[in-house]
Amino acid sequence: MADGSKPSSSERLAEVLGEIDADELEEAIKAGMETIKKADGFHESVDGPDDETKYILHKDRLPSNRYHELARTITEAVLDVSSREVATVGVQGIDDFLRDRNGEAVKTLLEGGVSYVESEYNDGTIEGQCVATPDVVEAVLSLYIPGLTHTYFLDGEGEAIAARFDGTLQYYWLPETAYRQLGERLKPDLFSAVITLEELEQIIKKERQHR
């Protein structure tokens with residue numbers, strides 16, 4: 001300021017807002033809201049059959065912090081023991097991150113029918129669904145990294161066998177017999193991390209009681 005005093009918080013805020021293009025800000029907000037709506041729609045549209053139990057991968061029970069690597073191992077085992085065949089795969093992820101991890105896998109998904117989507121407000125995403133050929137399933141599993149935001153594996157009826165939300169929530173749907181087979185396939189310290197939602201609620205409840 002001219003008198004040498006420091007500008008107030010409100011004056012600094014006004015100065016910053018004066019430098020912002022209102023139209024650009026509005027478009028950025030719209031793009032952000034559209035992303036949120038897409039994510040919400042993804043959650044609502046993916047679910048498994050009523051006659052199978054829904055399980056969640058409890059991150060805190062995993063034997064190490066290699067979450068994405070271990071999630072891939074468990075998801076692969078779930079797909080193997082499930083009595084339902086994977087018919088469709090859906091993905092959404094950050095293009096640059098996924099290409100850096102496995103460019104050939106991204107190419108496989110694009111050739112299978114998944115789209116590359118670019119906008120003014122992001123560097124591009126890979127999103128959509130395609131037929132779950134063995135190569136496509138392997139491509140998705142190879143991309144289990146933070147850049148893979150959402151993915152799902154559906155049967156021929158459109159019901160989920162496995163789904164990943166927001167990069168850190170992993171769900172599975174299995175009948176009791178397949179769940180027991182999963183326990184035989186996985187090491188105990190991995191299998192113990194696959195629990196029901198009711199079990200998770202009890203864990204959270206106990207943790208709150210001990211705070």
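Gly-124 touches Gly-93, Ile-94, Asp-95, Tyr-116, Val-117 and Glu-118, leaving aside residues up to four places away in sequence; contact here means heavy atoms within 4.5 Å. Gly-124 lies in strand S4, which covers residues 122-131. Helices (H or I, at least four residues) and strands (E, at least two) are DSSP runs, numbered from the N terminus. With a relative accessibility of 3%, Gly-124 counts as buried, since buried means under 20% relative accessible area, exposed over 50%, and partly exposed in between (1.4 Å probe, protein chains only). One of its neighbours, Ile-94, is 30 residues away along the chain, and the C-alpha atoms of Gly-124 and Ile-94 are separated by 6.5 Å.

The model is a predicted one, in which local features need pLDDT of at least 70 and side-chain atom pairs count only at pLDDT 80 or more, while totals for chains, interfaces and linings use all residues. Residues are numbered from 1 along each chain as its sequence is written, and side-chain values use heavy atoms, with hydrogens and water left out.

The protein chain has 8 helices and 8 strands. Of its 211 residues, 39% count as buried. Among contacts between residues at least 6 apart in sequence, 70% join residues at least 24 apart.

Two helix pairs can be described in turn. Helix H4 (residues 95-112) and helix H5 (residues 134-142) have axes that come within 9 Å and cross at roughly 140°. Axes are lines fitted to C-alpha atoms, for helices over the stretch in contact, and angles run from 0 to 180 degrees between N-to-C directions. H4 and H5 are therefore oblique to each other: angles under 35 degrees count as roughly parallel, over 145 as roughly antiparallel, 65 to 115 as roughly perpendicular and the rest as oblique. The crossing of H4 and H5 is left-handed, a term used if the near helix is turned anticlockwise from the far one by less than a right angle, with right-handed used if clockwise. On the H4 side the contact is made by Arg-101, Asn-102, Ala-105, Thr-108 and Leu-109, and on the H5 side by Asp-135, Val-136, Ala-139, Val-140 and Ser-142. Sorted by class, this contact of H4 with H5 has 5 nonpolar, 3 polar and 2 charged residues. In this sorting, Ala, Val, Leu, Ile, Met, Phe, Trp, Tyr, Cys and Pro count as nonpolar, Asp, Glu, Lys and Arg as charged, and the others, Gly among them, as polar.

The second pair is helix H3 (residues 67-81) with helix H6 (residues 176-185), which pack at an angle of about 135° with their axes 9 Å apart. H3 and H6 are therefore oblique to each other, and H3 passes H6 in a right-handed crossing. From H3, the residues Ile-74, Ala-77, Val-78, Asp-80 and Val-81 meet Ala-178, Gln-181, Leu-182 and Arg-185 of H6. The residues of this contact of H3 with H6 divide into 6 nonpolar, 1 polar and 2 charged.

Asp-80 and Arg-185 also meet through their side chains in a salt bridge (3.1 Å, N to O). The pair links distant parts of the chain, with Asp-80 in helix H3 and Arg-185 in helix H6, 105 residues apart. Asp-80 is partly exposed, with a relative accessible area of 48%, and Arg-185 counts as partly exposed at 48% relative accessibility. A salt bridge is a side-chain nitrogen of Lys or Arg within 4 Å of a carboxyl oxygen of Asp or Glu, and the structure holds 7 of them.

Another salt bridge joins Arg-84 to Asp-155, the closest N and O atoms being 2.8 Å apart. This pair also links distant parts of the chain: Arg-84 is in the loop between H3 and strand S2 (88-94), and Asp-155 is in the loop between strand S5 (148-154) and strand S6 (160-165), 71 residues apart. Arg-84 is buried, with a relative accessible area of 13%, and Asp-155 counts as buried at 7%. Glu-52, Arg-84 and Asp-155 are linked in a network of salt bridges.

Helix H3 also holds Arg-72, which is partly exposed at a relative accessible area of 23%. Arg-72 touches Glu-138, Leu-141, Ser-142 and Tyr-144, not counting residues up to four places away in sequence.
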